[in-house]
There are 2 protein chains.
Amino acid sequence: MSSITIKDVAKKAGVSPSTVSRVITNHPKISPATKRKVREAMEELGYHPNVMAKSLVSKSTKTIGLVLPHSAEDLFTNPFFSEVLRGMLGYANTKQYDVLMSSANNQAEEMEAVTRMVLGGRADGIILMEPRKEDPIVSKLLEYQFPFVVLGRTLEHRGILSVNNDNQKAAYDVTNHLIDQGHQRIGFTSGPPDLVVSEDRLKGYQQALVEAGLPFSTNWLIRGEFLQKSGFHAVSMVMNQIERPTAFVVTDDVVAFSLMRELVAAGFHIPKDVSIVGFNNILLSEMSNPPITTVDIGIYQLGFSTMQLLIQKIQGEEINQTEVIVPHRLVIRESSMK
Amino acid sequence: MSSITIKDVAKKAGVSPSTVSRVITNHPKISPATKRKVREAMEELGYHPNVMAKSLVSKSTKTIGLVLPHSAEDLFTNPFFSEVLRGMLGYANTKQYDVLMSSANNQAEEMEAVTRMVLGGRADGIILMEPRKEDPIVSKLLEYQFPFVVLGRTLEHRGILSVNNDNQKAAYDVTNHLIDQGHQRIGFTSGPPDLVVSEDRLKGYQQALVEAGLPFSTNWLIRGEFLQKSGFHAVSMVMNQIERPTAFVVTDDVVAFSLMRELVAAGFHIPKDVSIVGFNNILLSEMSNPPITTVDIGIYQLGFSTMQLLIQKIQGEEINQTEVIVPHRLVIRESSMK
DNA sequence: CTGAAAGCGCTAACAG
DNA sequence: CTGTTAGCGCTTTCAG
């Protein structure tokens, strides 16, 4: 790995190392003549600055750390992740930032990874995905006063930078869509209970029911994990009731798809017997049969905005909005149209 | 960002900086007593080594660069990517390596990203995904003698490290499965033409036909991109022939899913009228209706092995196999069972 | 406008 | 076993 340093260039160009450095950093007061000379020397020698050395002195790495939740397996199987990552990289690329990912197997490793990035000076800022309700990493980052943005929402800390959907409103909207279709008994399939997003969506759903004067029953709740594990069981428990739901709000398209399958297997027709609405608008929801009504939460935009907010923060730009809300949009398809 | 350096620790522990360094690197000849003292000092001060400084002198970054093809959009929409990434991170994590991703919008940026990682000393090794048939990046990396592993296969260079499936055999196997089912006219839906994998699978498919004495016709070929863009048109062109295929080998589950949809929309029943087999065994293929017969190519394993091979190479371990082949496995489902 | 010198935080001989 | 010294490659005062 060629180790052409700034010194080599200096020698070749007949100037001092500091002058070469000035050329690199585009220092204003440098004569065009030497600038050219140095540039030529760099070109000929195939010089490339050593990023580590530069970072060491400048304290800036041009790198964003991405902290994946330690139970990342779920995350990865969901197309949500790819798409949000694509959004992040999309923006980072425009600002010449790279993204450093480190995975962990448990909470301790996760914390260690963060510490390495922060105290180790490996990243200029950090993106936290899907923080838990009371995430120790958030506290730590605040303590260190390290730039970070949360993708999602945390509860306790006010004023931290975050990018999110209005999940409560989104759930409210989609539930109202079902109500508009004449449904009176609407079930709900939840996501992981320790995530704030799950709670927000549940609230929105309940709010819509309350406002419409419709009943809410825990008998119509299906826990997402339960459905994934033992679909048949989960579905039959809910659907064998006399007062069973005629529609479901499902907090994730992948889960909605599973639920639909189970319902069909149990002899229900979608949407004639049961309507389904999901969240995320992934490819699957569009391609499934019937196509699934869903809330498009702007996944790419979510990633893009998160990166943007973080880089703005790092570069000391003024931030007029600590909490960015990416708009959602109802995508109505067959699964909810009787 | 607390800047507790090795010096601070040294002072606190009443030793010299080098001794602290020795404790960190677990130098053998160090007395248990001072070791303990230093450890305590580190603990109390909350010391964490500066990764940049360490890298600068040790020439090792504990980072693997992941170069995404500049047309990464396709890649990201395919669950393949997440899963392979998960495999990579899975192994990297066990060896305390992080993964640095940089995206690019065009070939020039792509090359620049690589250069930055290599000459800039940002990574110890590089993983190349889906290299083109004659990828200039491969040449460059070879020129620099920089450790890298190709996920997939390149044509020209012999002896470079790579992890791959036996795609030809896989296509051969799955085609034979269709032949065993009695199909005489078997169509093929291809992937991006400039990827080696596409070519390999086409070859395997043709080989199976030839060996079985079955006809091969370009009239039964559908180009994947074409299908994605104008599905109806693509399908009707092939299916309006009198001698139309009764089965299709499709080089990707996502595409297989689309094809199936189009066929159904055109009035064909799967698998009664037309059988479908795909590649990758993603969630979609299992959940679709009917479930799609597919080749499980061990995506996670692909990512895992790639990372493993690269890290072995970097750490100077002996490599007994420059070309790792991850086994594939036929997963037979309804879409190919009349 | 440019050079010399100091130092970022760490490791690695070389002496003790 | 441990301290001293000299850099890794770069930026950045401080003098010219």
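**Note on the chain A–chain B pair and its DNA strands**

1. Val99(A) stands opposite Met101(B) in strand E2(B). This is a predicted model: local features need pLDDT of at least 70, side-chain atom pairs count only at pLDDT 80 or more, and totals for chains, interfaces and linings use all residues. Residues are numbered from 1 along each chain as its sequence is written, while chains are lettered from A and ligands numbered from 1 in the order in which they are written.

2. The pair Val99(A) and Met101(B) belongs to a link between the chains: E2(A) and E2 (residues 98–102) of chain B run antiparallel and are joined by 3 bridges. Two strands pair if DSSP finds at least two bridges between them. Helices (H or I, at least four residues) and strands (E, at least two) are DSSP runs, numbered from the N terminus.

3. How many residues of chain A are in contact with chain B? There are 42, and they meet 42 residues of chain B; contact requires C-beta atoms, placed from the backbone, within 7 Å. On the chain A side, H6(A) gives the largest share, 7 residues. Elements that give two or more residues to this side include H4, helix H7 (107–118) and strand E2 (98–102) of chain A. By class, the side has 22 nonpolar, 14 polar and 6 charged residues. Here Ala, Val, Leu, Ile, Met, Phe, Trp, Tyr, Cys and Pro count as nonpolar, Asp, Glu, Lys and Arg as charged, and the others, Gly among them, as polar.

4. Around DNA strand C there are 25 residues, of which Thr5(B), Ile6(B), Ser18(B), Ser21(B) and Asn50(B) come nearest. A residue is near a strand if its C-beta atom, placed from the backbone, lies within 6 Å of it. H4(B) gives the most to this surface, with 5 residues. The surface has 11 nonpolar, 12 polar and 2 charged residues.

5. DNA strand D is surrounded by 26 residues, and the closest are Thr5(A), Ile6(A), Ser18(A), Ser21(A) and Asn50(A). H2 and H4 of chain A, together with H2 and H4 of chain B, each give two or more residues to this surface.

6. In H4(A), Val51(A), Met52(A), Lys54(A) and Ser55(A) are buried (20 or more other C-beta atoms within 10 Å of the residue's own, C-beta atoms being placed from the backbone). They lie on the same side of H4(A) because they cover an arc of only 165° around the axis, the arc being that of the directions from the helix axis to the C-beta atoms. Their cover includes H4 and helix H7 (107–118) of chain B. After H4(A) comes Lys59(A), with a positive phi near 65°.

Conventions:
Contact = placed C-beta atoms within 7 Å. Buried ≥ 20, exposed ≤ 12 C-beta atoms within 10 Å, placed from the backbone.
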